[in-house]
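Please find below my notes on the model, arranged as numbered points.

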Amino acid sequence: MMILLRKTENINFINTFRDYFCVGIAFFALQLVAGHLSKQEDVAGITLHFYDLTLPLISALLVLYRQKALPILAAFFLYALYSYSLSSVFTLTAQLLAALISQTLYFFSTGKRGAVSFGRSQLTTLRIVWLVCCNALLFISIDHWFQSNTASAPIANLFTLQTLINLQWLMNSCLTGIPFCYLLLRSVQNPAWCILYIRQVKALIKSGPPILYQVLWLVLLLCIMSALIVIREDILIFTDYSLLWLLPVMLWGVICIGHALISPVWVTMLILLGYYINSYIPPANYDNYLHSLVISSTIVFVFSLTIVVTGVLVVHNRKYLRRLKQLFRSEPNTGLPNFQALQMDIRKHATECLCYIRCTELNTLEQTHGIEFRFEFVKALSAYVRKLIKGTGDIYYAPGHGIILRLNAVPDIPDFYKELNSFRFIWKDYQLGLSCGVAYTTEKNLIKNLSQAIKHLNTQSYISLMQGQPLLLSPQVPGDKIVSQAVIRHMLQKAIDRKSFELMAQPIVSTMLVVQPIVSTTGLTRYHEILIRIKMVDGKLIFPDTILPVAREAGLLPALDITVIEQTFRFIQSRQKSDPNSHFSINLTPDSLNKIDFLDNVFTLFRKYSIAPKRIIFEVIESDIIDNANVTDVLRALRKAGSKIAIDDFGTGASSYSRLRTLDADILKIDGSFIRNILTDEFSRCAVRSFCEVAKLKNMEVVAEFVENEEIEKMLITMGIGWLQGYHIGKPVPIELAEL
């Protein structure tokens with residue numbers, strides 16, 4: 001083991017030394033190239049240095065290697081002692097000292113993060129302060145001090161126009177040259193990083209403006225540079241006037257294409273602008289020449305500063321926009337792509353299969369363990385499914401019950417379903433296996449219509465969960481039920497808002513015409529139960545067994561009940577003169593009975609329509625009123641006001657007799673499941689007799705539902721049941737047609 005560790009350490013040392021040696025060779029080579037590319041002019045005994053990469057190259061090496069760069073710099077300094085003139089050695093010494101001091105201050109301000117690549121907005125200000133301004137000012141000051149103490153002739157004052165020109169060109173060199181030299185040196189040190197950089201540039205070109213625009217931009221740039229390089233003093237565009245056009249052109253490139261590509265291009269242009277400076281600023285007249293050099297150096301530096309800062313801000317904004325796009329396309333708690341991402345990916349990629357995985361138990365477990373359970377479960381399930389699909393698609397968050405898969409190939413669905421249901425989720429000290437329903441489709445047209453596809457798959461996944469097998473959503477199977485759910489929800493809301501339910505009335509008739517009816521002292525022998533329908537646009541009627549589940553899921557049951565009560569009261573008021581003794585029975589849902597303001601709303605309607613409460617019977621299911629103090633109080637208040645309370649579907653709940661002992665009600669409605677088989681089933685007959693005996697003890701009237709034929713009617717009469725309801729007695733009819 002120790003031998004392997006030593007071999008690994010030796011290999012790492014060799015690789016590091018090799019990279020370091022290659023960077024050293026590259027540094028020497030680049031210094032020689034920089035020396036040939038730099039342009040110098042003597043003006044009034046002072047040497048003007050235009051774009052020069054010597055100091056930026058030293059600074060870039062220090063940024064990359066910090067103190068490890070000292071051996072390379074020392075070797076280069078020794079080489080300069082033997083190869084350069086004395087004045088050049090002093091200049092190099094000033095550059096080394098300026099770079100070392102500014103680098104020390106820079107790293108003291110930034111710490112380890114100071115060595116990262118350029119273009120980061122967090123470090124831009126510090127780099128401009130220390131690597132550009134401080135670096136250039138130190139070099140100018142140290143170099144002037146060397147010249148003052150070593151030159152035989154008197155040296156001009158430091159504060160001259162020539163010094164200003166040198167300072168601005170040097171700051172320009174540091175501002176743009178240090179990132180450029182860092183790019184070259186790091187590419188030699190780490191070729192993999194260079195490959196990533198090239199890929200980044202390719203991506204910028206690909207994602208940028210159309211290629212035609214980029215080509216036109218490059219042609220325009222070449223034309224401007226040609227105008228500046230070619231010597232034609234008689235035409236304005238061949239003078240420093242063309243410098244002004246560089247900024248808008250370069251800014252367009254930085255904003256639309258990207259800083260990573262434009263930065264090296266701008267450095268190349270600056271090298272050419274410095275080298276061919278006499279082409280667009282001819283040295284004919286000394287005063288004008290010096291003044292033009294000051295103006296041009298200022299313009300170029302301001303341009304460079306604007307381009308660099310704009311480039312950094314553009315990079316920062318693009319990262320921010322990518323982050324916003326990522327947030328827009330993802331569910332924040334799980335990190336999974338959301339529905340918007342699914343829509344975009346379906347448009348972008350070929351999708352062979354869309355799969356919906358549903359886990360209905362998730363809602364129940366969330367109530368037990370908290371919302372965090374849902375997110376952790378979805379993340380764990382996604383990680384498990386990702387292994388199953390093996391990179392053939394993507395996973396998306398489905399609000400509610402599970403996840404959605406977009407697959408590039410159709411997997412073996414039965415095997416996938418089997419593996420999926422073997423998934424186990426560990427939550428704290430619990431290990432849970434949650435059954436999942438799987439629905440999928442391969443129909444391309446349906447996948448493109450994503451909203452409809454998700455609706456169909458959502459419903460099919462629930463059926464899959466019930467049947468215990470994956471289901472293929474076939475394009476031949478119409479989605480009437482799925483579509484109708486949305487239509488019913490719409491029509492339900494419309495009926496509530498407009499108070500436009502179709503009210504049907506089914507008669508409940510007394511079997512003892514000479515006996516005082518249960519709801520009247522005037523010899524009334526019948527009353528009617530209100531049933532509701534919704535009429536669709538095509539005239540089709542939707543029945544309560546379809547309406548009520550939709551209303552319950554939408555939380556509209558209280559609004560539905562109040563609407564039905566108000567419509568019934570409005571009808572009673574309209575028949576006040578012709579049918580003053582009509583009585584109606586209205587069903588109430590548990591959601592309404594639990595609503596705090598329900599009782600107030602009902603009494604408000606009694607007053608609004610001037611309806612006597614004794615004309616109304618409210619029907620409730622036995623299981624809705626047990627062990628609920630609020631419901632009991634509501635029913636007691638309704639009875640006290642004069643209304644009757646009927647217990648509907650009696651006998652279907654658990655512990656019916658024990659409940660009946662504590663109930664305060666007036667009417668007992670025996671569930672139709674006992675009445676339907678009363679002729680042939682002895683148990684049903686005994687149960688009905690038992691219910692009747694108990695009702696007599698409680699002084700309650702009895703109503704038998706589902707009386708479908710005359711034989712059942714006769715048997716019920718012989719058993720002493722006072723009221724009958726069913727198709728044999730009378731079918732539901734529109735309330736306007738009922739015989740009141």
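This is a predicted model: local features need pLDDT of at least 70, side-chain atom pairs count only at pLDDT 80 or more; totals for chains, interfaces and linings use all residues.

1. Residues are numbered from 1 along each chain as its sequence is written, and side-chain values use heavy atoms, with hydrogens and water left out.

2. Zero disulfides turn up in a search of the whole structure, a disulfide being a pair of cysteine sulfur atoms within 2.5 Å. For Cys134, the closest cysteine sulfur belongs to Cys133 and lies 8.6 Å away, too far for a bond. For Cys686 it belongs to Cys692, at 12 Å, again too far.

3. Cys134 is buried at 16% relative accessibility, whereas Cys686 is partly exposed at 39% (buried is under 20% relative accessible area, exposed over 50%, partly exposed in between; 1.4 Å probe, protein chains only).

4. Helix α20 spans residues 544-554, and its buried residues are Ile547, Val550 and Ala551. They lie on the same side of α20, because they cover an arc of only 100° around the axis (taken from the directions from the helix axis to the C-beta atoms). Asp545 and Glu553 are exposed on the other side. Just after α20, Gly555 has a positive phi of about 70°.

5. Helices α5 (residues 121-150) and α6 (residues 161-189) pack at an angle of about 145°, their axes 9 Å apart (axes are lines fitted to C-alpha atoms over the stretch in contact, and angles run from 0 to 180 degrees between N-to-C directions). By class, their contact has 14 nonpolar, three polar and no charged residues (Ala, Val, Leu, Ile, Met, Phe, Trp, Tyr, Cys and Pro count as nonpolar, Asp, Glu, Lys and Arg as charged, the others, Gly among them, as polar; contact means heavy atoms within 4.5 Å).

How values were computed
Helices (H or I, at least four residues) and strands (E, at least two) are DSSP runs, numbered from the N terminus.
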